[in-house]
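Here's a quick tour of one protein model. Have a look at the fold, then read on.

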Amino acid sequence: DGTKQAAHFVFVPLNELGHVIPAVDTALLLATHGAVCTIVGPPSTVARVRHTVDAAAAGNSGLQVRLVEFPLDYAAAGLPVGADEADRIDPAHMMSYYRAVALLRAPIERHLREHAAPYPTCVVSDIFNPWASELAAGLGVPRLSFFSMSAFSVLCQHNLERFGAFAGVEDANAPVVVPGLDRKVVVTRAQAPGFLRGIPIPEWEALADYIERARAEADGVVMNTVLEMEPEYVAAYAAARGMKVWTVGPVSLHHKGAETLASRGNAAADAAECLRWLDGRDPGSVVYVSFGSIAQPSPKQLMELGLGLEASGHPFLWVVRNAGAYDAAVRAFLDGLEGRVAGRGLVVRGWAPQAVVLSHPATGGFVTHCGWNSTLEAVTAGLPVVTWPHFTDQFLNERMAVEVLGIGVSVGVTEPITFRSVEKEVVVGRGVVEQAVRSVMGAGEEAEGRRRRVRELAAKARAAVQEGGSSHANLLELVKRFGTGAAASQG
Ligand code: UDP
């Protein structure tokens, strides 16, 4: 009929950095391939991504990425100011978050109906925004779930739930074998999927059911992973859900410079300092240490970690998030540590340009909390990891790194720290940190084996995003599939 319509993806990200960063990167990639993308959310979400989108648009004037923010009337909704900020893994706060953002559905739908040209052809929503299923239905377009998770972890969660693996298991710390996998993987109920179930808030189970329904009824999945890294799990998850899984990762790879990445956290000064410091170190000598954008070690744990890094003897670049929140004793400890190691360690009190730091030739290993973005970024940079999970899918990502991919050494954390006080606790002692860092950064057959395997995976990750690679092909297919007449045929 000759009327060609460009694909127009409406992204509804979760306002949490580990979710919003890969979602925006995916939107930018789809736009690079000719799609129109509109990213919607409360002002706090839009503020977080504006820099990244503006920088991309400045470098490519044809890029069609639109940001539309929808203010929230907190008082009218009976919600606390800031309820739409999702950086705290605290169930009561998360519940307010869900209530707050769900209020945006009607105004978003109205806006898109009245102003979006071309008309949207597909909603791409974070799996923790289940209300986006009503948005897509209201617009009359299909909806894809966006996962910033590994196929391995979502398959484990799916199978644990589907086969009722924890039914009748009283002890939350009792080991259970994940059903239906090609290998034996053992987890506890506390480790997985505790972030969706068993949270002691009356309305929580209903919300978990709502999220599960939205997952089950999606028209497909867009996943920030690499098909060649976990082909069996991508296939098994697609089969279990009966839906197509488009793997598009690693989406971080399209960032070429430190500028864009640094601006994510508005810490350009930190970025320049990190890179200058790394330039002066030997190739592969530095261990990078970061726990992502949420986890916050207790003061004692933080100091224990610092002492372990000091004892390891290896150069380290350590990001201490929210350093200003620690008391004077901790701040003095960090200053003292930097003084004692005299140039061998850099403590970044804030935000590092992580993807760039990881790909710097001086970086040789990564102590990570196993957030999926961090894990994938480590693989992408070809770096072995010390695994130190805190909560959510991080224990499953640890299993994947250590047991499936063979690229990590665990510090042996057994329980998530999310829902209990950690103020006085030291979960991982300095000696364990020292040993794990030495074993990942050191010489010897095991260390070499981990390095060899992760470099092979890095090559696969790079190949996936190049012309002809699986992720590249999936992006093109998405643009094609949800363009030209797709909205009409899907209805
Ligand atoms: N990140 C960063 N600088 C930092 C800390 C984190 O750029 O100092 C980025 C990191 O590269 C990753 C994201 O923030 O893309 C964290 O996501 P992840 O899934 O690893 O963990 P979460 O923050 O969700 O726990």
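## Ground rules

This is a predicted model, where local features need pLDDT of at least 70 and side-chain atom pairs count only at pLDDT 80 or more, while totals for chains, interfaces and linings use all residues. Numbering starts from 1 along each chain as its sequence is written.

## The core

A nonpolar core here is a set of buried Ala, Val, Leu, Ile, Met, Phe, Trp, Tyr and Cys residues joined through C-beta atoms within 7 Å; buried means 20 or more other C-beta atoms within 10 Å, exposed 12 or fewer, and partly exposed in between. The largest one has 140 residues, and those touching the most other members are Phe-9, Ala-27, Leu-30, Cys-37, Val-123 and Leu-317. Helices are DSSP runs (H or I, at least four residues).

Take Leu-317: beyond its neighbours within four places in sequence, its contacts include Trp-277, Tyr-288 and Val-357. Contact means C-beta atoms, placed from the backbone, within 7 Å.

## H12 alongside H13

Helix H12 (residues 299-312) and helix H13 (residues 328-341) have axes that come within 10 Å and cross at roughly 5 degrees. So H12 is roughly parallel to H13 (angles under 35 degrees count as that). Among the residues that meet are Leu-302 and Met-303 from H12, and Phe-333 and Leu-337 from H13.

## Ala-102

Ala-102 sits in helix H4 (residues 91-102). Ala-102 counts as partly exposed because it has 17 C-beta neighbours inside 10 Å. Asn-129 is 27 residues from Ala-102 in sequence, with 7.8 Å between their C-alpha atoms.

Technical notes
Helices (H or I, at least four residues) and strands (E, at least two) are DSSP runs, numbered from the N terminus. Axes are lines fitted to C-alpha atoms, for helices over the stretch in contact, and angles run from 0 to 180 degrees between N-to-C directions. Angles under 35 degrees count as roughly parallel, over 145 as roughly antiparallel, 65 to 115 as roughly perpendicular and the rest as oblique. Two residues are in contact if their C-beta atoms, placed from the backbone, lie within 7 Å.
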